[in-house]
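Here are some notes on the model, meant to be read with the structure open beside them. Please check each point against the picture as you go.

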Amino acid sequence: LKSGWDEVFQDATILLDYGFDTFERVGLIKEGEVVTTRQIRFGKKDIEIVANEDFSAILPKNSSITREISIDENLKAPILKGTVLGELDLLHGDEKIATIDLIAKEDVERKIYTYWWFWFPILLFFLCLYIKRYTNKRLDTTI
C-alpha cells in the first residue's frame, strides 16, 4: 500500500488495530433459535418457528440490526417438523445482510373434527335416527 520496506510492519499494525477497534464479530442468530410463534389453522397447538442455520457477521461496533419476518399467514395443519414456513431478513440500515429460512420446530397435527369425513358418519347417524322416528310416527298414526 505504498509503504516503504521499513514501514510495512508499522502500517500493517495500524490497519489491524483499526480493524479490531472499529469492527466486531456479532452472532446474529443461532440454529434452532425461536424467532416467532404462530397459530396454525386446524392445528392442535401453536407452532414455534425457528431459524434453520447459524449466522454471524463482521459489523461496526455498536451497530443495530433489524429483523424482518415474512411468513405465510394462511398456514394450515398438518405441518411436519423442518418444513420451511418463511424467511428472516437481517438488515443493517437499508442493506440486507442475510436471508435465513424459518422452519417448523415440531410437527403440528390437524384436529380430527376439521376433516370432512369426520362429520359424515355423524350426519348419517342422525339422519337414520330421524328416518326411524318419522317412520315410527307414521306407523303409529295408521294403526
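1. Some terms come first. Helices and strands here are DSSP runs, numbered from the N terminus; a helix has at least four residues and a strand at least two. Phe42, for example, is placed in the loop between β2 and β3. Please keep in mind throughout that this is a predicted model.

2. Which strands form the open sheet, and in what order? There are five, arranged as β2-β3-β7-β6-β5, with antiparallel pairing. The edges are taken by β2 (34–38) and β5 (66–71); each has a single partner strand, so one side of each is left without a neighbour in the sheet. On average, neighbouring strands of this sheet are turned by 30° against each other, direction ignored.

3. Strand β6 covers residues 84–92 and strand β7 covers residues 95–104. The two run antiparallel and are joined by eight bridges. To find the pairing in the picture, look for Glu87, which stands opposite Asp101 in β7.

4. Thr36 belongs to strand β2. Is Thr36 buried or exposed? Its relative accessibility is 15%. Buried means under 20%, so Thr36 counts as buried. Beyond its neighbours within four places in sequence, Thr36 is in contact with Ile47, Glu48, Ile49, Ile69 and Ile71.

5. In soluble globular proteins, nonpolar side chains tend to be buried together. In this model the largest nonpolar core has 21 residues, and the members that touch the most others are Ile40, Ile47, Ile79, Leu85, Leu88 and Ile100. At least two core residues come from each of β1 (23–29), β3 (47–51), β4 (55–60), β6 and β7. The largest share, four residues, is supplied by β7.

6. Not counting residues up to four places away in sequence, Ile47 touches Thr36, Thr37, Arg38, Ile40, Ile79, Leu85, Ala104, Glu106 and Val108.

7. Aromatic pairs. How many aromatic pairs are counted? The count comes to two. Tyr18 and Phe23 make an edge-to-face pair, with 6.4 Å centre to centre and 80° between the planes. Tyr18 counts as exposed, at 51% relative accessibility, while Phe23 is partly exposed at 33%. Phe125 and Phe126 also form an edge-to-face pair, with 5.5 Å centre to centre and 70° between the planes. Phe125 has a relative accessibility of 48% and counts as partly exposed.

8. Most residues other than glycine have a negative phi, and most peptide bonds are trans. Phe42 is not a glycine, yet its phi is positive, near 70°. Asn62 is not a glycine either and has a positive phi of about 60°. Asn62 lies in the loop between β4 and β5 and is exposed, with a relative accessible area of 78%. The peptide bond from Ala77 to Pro78 is cis, with omega near 5°; Pro78 is found in the loop between β5 and β6.

9. More on Phe42. What sits over the ring of Phe42? The charged end of Arg110 does, 4.4 Å from the ring centre. Phe42 itself counts as partly exposed, with 25% relative accessibility.

10. Two distances to compare with the sequence. Asp21 is in helix α1 (residues 8–22) and is exposed, with a relative accessible area of 57%. Asp21 and Pro60 are 39 residues apart in sequence, and their C-alpha atoms are 9.2 Å apart in space. Ile131 is in helix α2 (residues 116–142) and is partly exposed, at 44%.

Terms used. Residues are numbered from 1 along each chain as its sequence is written. Side-chain values use heavy atoms; hydrogens and water are left out. Two strands pair if DSSP finds at least two bridges between them. Axes are lines fitted to C-alpha atoms, for helices over the stretch in contact, and angles run from 0 to 180 degrees between N-to-C directions. Buried means under 20% relative accessible area, exposed over 50%, partly exposed in between (1.4 Å probe, protein chains only). Contact means heavy atoms within 4.5 Å. Rings of Phe, Tyr and Trp (its six-membered ring) pair if their centres lie within 6.5 Å; planes under 30 degrees apart count as stacked, over 60 as edge-to-face and the rest as tilted. A charge sits over a ring if NZ of Lys or CZ of Arg is within 6 Å of the ring centre and within 35 degrees of the ring normal. A nonpolar core is a set of buried Ala, Val, Leu, Ile, Met, Phe, Trp, Tyr and Cys residues joined through side-chain atoms within 4.5 Å.
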